[in-house]
Amino acid sequence: MSRELIDVNGIIFKRKRYKEADVLSKVLTKENGIFTLDVRGALRPKSKLGAATLNFSYGIYTVNTSLRGISGLRTFKNVQQFEKIYLDITKQAYASYILDLVDHAFEEYQEISDVYGLVFTALTKINSGFDEEIIKQMIELKMLKYFGVAPKLDSCLVCHKTQGIFDFSLEKGGIVCSDHFNQVPERMHLNPKTVSLIRTLALIDIDRLGKININPTLKNSSKKVIDRMYTRYLDLNLKSKKFLDELKLF
Ligand SMILES: [Zn+2]
């Protein structure tokens, strides 16, 4: 395919020096998935392209691309930044991990369907002061299907009941209702509240998530289960996740 100029809705994440004064930025786009942009002269003082590609900037980017390899940034419009994320180390650690996770789920330029909207809303919510840990857990749960390993959280593995008291089995990859606890001996013996929180985060639309207050103990137990899902099903070992865990935020 020859190179052409296209407009994409994008969110900038990751940035590293390239050649003399260029920057290579990663961009998550609605139209063409995730790819790398060469931002020419970004490190020169007063570079407009440089200012428009700081981490956590978003807007419309006009790129020169053949939809493979590195694309070039030509110009941009309506660029804004998730400023509170940019300025706050905690929010930044959460946002970086979310973007890193999404980056690992797709090939370059691969169609990401509704993940752009999911990430955009997640960052908007983190930027406006929502509980970052809860947003992160929600994204982790919702991303499992894009890695091809989503456990069954909507209904009991045995009877497909959708309401009641549930436990979760890592091995069986799904939830089991209290009527069928004895049929799934590998169940984790979790507090039903933990399973309920995990199900809510996995199943509800991110737009419907309000500014909820979840107690740290509950949040920590759902975190542990989700961490175990990731270790067991994927073992990604992301540095951004390790960094986040080391911050010991709650
Ligand atoms: Zn059942």
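Predicted model: local features only at pLDDT ≥ 70, side-chain atom pairs only at ≥ 80, totals over all residues.
With 22 other C-beta atoms within 10 Å, Leu101 is buried, since 20 or more count as buried. Leaving aside residues up to four places away in sequence, Leu101 touches Ile139, Glu140, Met143 and Leu238. Leu238 is 137 residues from Leu101 in sequence, yet the two C-alpha atoms are 7.8 Å apart in space.

Helix α3 spans residues 89–105, and its axis comes within 10 Å of that of α5, with a crossing of roughly 5°. That angle is under 35 degrees, so α3 counts as roughly parallel to α5. On the α3 side, the contact is built from Thr90, Lys91, Tyr94, Tyr97, Ile98, Leu101, Val102 and Ala105. The α5 side brings in Glu132, Lys136, Ile139, Glu140 and Met143. Sorted by class, the contact of α3 with α5 holds eight nonpolar residues, one polar residue and four charged ones.

Helix α5 also packs against helix α4, which covers residues 115–127. The axes of α4 and α5 come within 10 Å, but here the crossing is roughly 170°. An angle over 145 degrees counts as roughly antiparallel, which is why α4 is described that way relative to α5. Leu118, Ala122, Lys125 and Ile126 of α4 meet Glu132, Ile135, Ile139 and Lys142 of α5. Five of the residues in the contact of α4 with α5 are nonpolar and three are charged, with no polar ones. Glu132 and Ile139 turn up in the contact with α4 and also in the contact with α3.

Helix α5 (residues 132–143) packs with helix α7 (residues 216–233) at an angle of about 30°, and the two axes are 11 Å apart. With an angle under 35 degrees, α5 and α7 are therefore roughly parallel to each other. The crossing of this pair is left-handed. From α5, the residues involved are Glu133, Ile134, Gln137, Glu140 and Leu141. From α7, they are Lys219, Ser222, Lys223, Ile226 and Tyr230. The class breakdown for the contact of α5 with α7 is four nonpolar, two polar and four charged residues. Glu140 takes part in this contact, as well as in the one between α3 and α5.

Stepping back to the whole protein, the domain assignment gives domain 1 at residues 4–81 and domain 2 at residues 89–246. Taken over C-alpha atoms, the centres of domain 1 and domain 2 are separated by 30 Å. The two domains do meet: 13 residues of domain 1 are in contact with 15 residues of domain 2. On the domain 1 side, strands β1, β2 and β3 (33–39) each supply at least two of the residues that touch domain 2. That side of domain 1 divides into seven nonpolar, three polar and three charged residues.

Most residues other than glycine have a negative phi. Lys14 lies in strand β1, which runs over residues 4–18. Lys19 is not a glycine either, and its phi is positive at about 50°. Lys19 is found in the loop between β1 and β2 (22–29). It has 11 C-beta neighbours inside 10 Å; the limit for exposed is 12 or fewer, so Lys19 counts as exposed.

Finally, Ile70 is found in the loop between β4 (57–65) and β5 (71–81). Ile70 is partly exposed, because 13 other C-beta atoms lie within 10 Å. Not counting residues up to four places away in sequence, Ile70 touches Thr36 and Asp38. Thr36 is 34 residues from Ile70 along the chain, and the C-alpha atoms of these two residues are separated by 5.3 Å.

Notes: Residues numbered from 1 in each chain as written. Helix = DSSP H or I, 4+ residues; strand = E, 2+ residues; numbered from the N terminus. Contact = placed C-beta atoms within 7 Å. Domains from an automatic or database assignment. Nonpolar A, V, L, I, M, F, W, Y, C, P; charged D, E, K, R; others polar. Axes fitted to C-alpha atoms, helices over the stretch in contact; angles between N-to-C directions. Parallel < 35°, antiparallel > 145°, perpendicular 65-115°, else oblique. Left-handed = near helix turned anticlockwise from the far one by under 90°.
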